[in-house]
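Open the model in your viewer and keep the selection tool at hand. The tour has two stops, one for each ligand.

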Amino acid sequence: MSHKPTVMQNQNGTVEKSAKQDRFQGHDYYDLDGLLSDEHKIARDAVRQWVKQEVSPVIEEYFERGEYPKHLLKGLADLGALGPSLPEKYGCAGADEITYGLMMQELERGDSGVRSAASVQGSLVMYPIYKWGTEEHRMKYLPKLASGEMVGCFGLTEPDHGSNPAGMITNIKDNGDHYILNGAKMWITNSPVADIAVVWAKDEEGKIRGMIVEMDTPGCSAPEIHGKLSLRASITGELVFEDVRVPKSQVFEVKGLKGPLSCLSKARYGIAWGAIGAAMDCYDSALRYSLEREQFGKPLAGFQLTQKKLAEMITEITKAQLLTWRLGTLMNEGKATPAQISMAKRNNVHMALVIAREARQIHGGMGITNEYPCMRHMMNLETVLTYEGTHDIHLLITGMDVTGINAFK
Ligand code: TGC
Ligand code: FAD
């Protein structure tokens, strides 16, 4: 298989913008496709095509305006990208973990914010309802969330408790047939547009409990957070709860941090794949640009320093693909550990951020414009490096796993 892209130019020798958007091909240096089933490839290619048609042509404008492209949710639902690995009886695709990962890869190739919309809905709202909720919860909420009729958000982080969610102060107090919920959550993806929130709060024994809060309940509000320079095509807000009545039937049985952390494992796994998509898009753009742009009488790709960058990029992408594919097989077998997931999330997001910066350099001045995707991916990846556990928290998780010593505290 050739890895050299086809260069499409108009009569003036300049590259057509629409052609640029159309041209992306996956990069598969080690024939990962040979490890995938037809079902995997069909799902991946369907999402790739949708991203080309629906996301790439509009994403720069939404990013620039700092606007959430909410019309895309219906398309995500039609693709089966909202909770793809949950059972069909709840309106989901019943796909395996590699299909889910490949879908996230293609979505993040479009934009991290679009992948976030799918991750939050599928892994942080639908998955906890499926895993920790009752059959009644599942039947009531999952089909509507899978079809995009309902939007959910996940409230764990607080203004004073980010990396250390165990310190949270949001709390519930027993009041007969319901609890009274008070507190505030910070940095919550989709909260301003959410119909429901999966909220984590401490009960009177200090145990962390999860619950489904319907956002039209009196006392709930979700002010939007403005001024983000990253993930601008995603909407982020607070969650504020002032004496909110939560029926006891809405509270999950699970107690302790393993409730929210088990959902994070699922979402972090999706991010590990997603980051590969962002990295591939940057590499793809840099490779094409370096073949088209000439300086000192030859293409940039002909200089050793450019080739070093490109060679390192495809090497890191290939390593990440293999790491993540293996993790996916472990996920399918129910054998992946949280620490293995941490390693992939940390490695791949960092890899993608380094590639975005290098790719941006290859584009020279053009690289800082929205004619090319690298700067947008780079800005987005600063968030991805931080949410779902920061880069350093994941390093410490690996450190604890290999030494047996907790260095968090
Ligand atoms: P620790 O004592 O280690 O663990 C408490 C309990 O949880 C269990 N556990 C897990 N269970 C399932 N999956 C995991 N990944 C788990 N990690 C730990 C653990 O076995 C224990 O169970 P048990 O039965 O003994 O009680 O907890 P700790 O307080 O020492 O904290 C550990 C630490 C620092 C790793 C954890 O707090 C952490 O991961 N912090 C990072 C916080 C974080 O990731 N926040 C993410 C917020 S959500 C988000 O960012 C969404 S972004 C949305 C988007 O995509 O747009
Ligand atoms: P802090 O915890 O204050 O960390 C600041 C720095 O200190 C980091 O570099 C960190 O690595 C370091 N640090 C912290 N503790 C240690 C330690 N023990 N040792 C060494 N270094 C340490 N949360 C949700 O619940 N739901 C969401 O939907 C959601 N969406 C988000 C969307 C966006 C755009 C962003 C930016 C965040 C989102 N988050 C969400 C929150 C995210 O998970 C937190 O930002 C993240 O967990 C880090 O918490 P913090 O920002 O409070 O940073």
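A pocket is found on a 1 Å grid over the protein atoms alone: it is an open set of points with protein on both sides within 12 Å along at least five of seven lines. A molecule sits in a pocket if more than half of its atoms lie within 2 Å of its grid points. The model is predicted, so local features need pLDDT of at least 70 and side-chain atom pairs count only at pLDDT 80 or more, while totals for chains, interfaces and linings use all residues. Residues are numbered from 1 along each chain as written, chains are lettered from A and ligands numbered from 1 in the order written, and side-chain values use heavy atoms, without hydrogens and water.

**Stop 1: ligand 1**

Select ligand 1. The space it takes is the largest pocket. Two elements give two or more residues to its shell: helix H5 (112-132) and helix H7 (258-292). Helices here are DSSP runs of H or I with at least four residues, strands are runs of E with at least two, and both are numbered from the N terminus. H7 gives the largest share, six residues.

Now show the residues near ligand 1, those with a heavy atom within 4 Å of it. There are 26, and Ser-116, Thr-189, Arg-268, Glu-388 and Gly-389 are the closest. By class, 13 are nonpolar, eight polar and five charged. Nonpolar means Ala, Val, Leu, Ile, Met, Phe, Trp, Tyr, Cys and Pro; charged means Asp, Glu, Lys and Arg; the others, Gly among them, are polar.

Next, look for polar contacts, pairs of N or O atoms within 3.5 Å. The side chain of Ser-265 places an N or O atom 2.9 Å from a nitrogen atom of ligand 1. At Glu-388, a backbone N or O atom is 2.8 Å from a ligand oxygen. Taken alone, ligand 1 exposes 1100 Å², and the protein buries 73% of that. Accessible areas use the Shrake-Rupley method with a 1.4 Å probe.

**Stop 2: ligand 2**

Move to ligand 2. Which pocket does ligand 2 sit in? The largest pocket holds ligand 2. Of the 17 residues around it, Phe-154, Thr-157, Ser-163, Trp-187 and Thr-390 come nearest.

Colour strand S3 (178-189), helix H10 (374-386) and helix H11 (391-403): each supplies at least two shell residues. S3 has the largest share, three residues.

Finish with the nitrogen atoms of ligand 2. One lies 2.7 Å from a side-chain N or O atom of Thr-157. Trp-187 has a backbone N or O atom 2.7 Å from a ligand nitrogen.

Note on methods: Polar contact = N/O pair within 3.5 Å; in protein donor to acceptor, adjacent residues only side chain to side chain. 1 Å grid on protein atoms, 1.4 Å probe; cavity = no way out; pocket = protein on both sides within 12 Å on 5 of 7 lines; lining within 4 Å.
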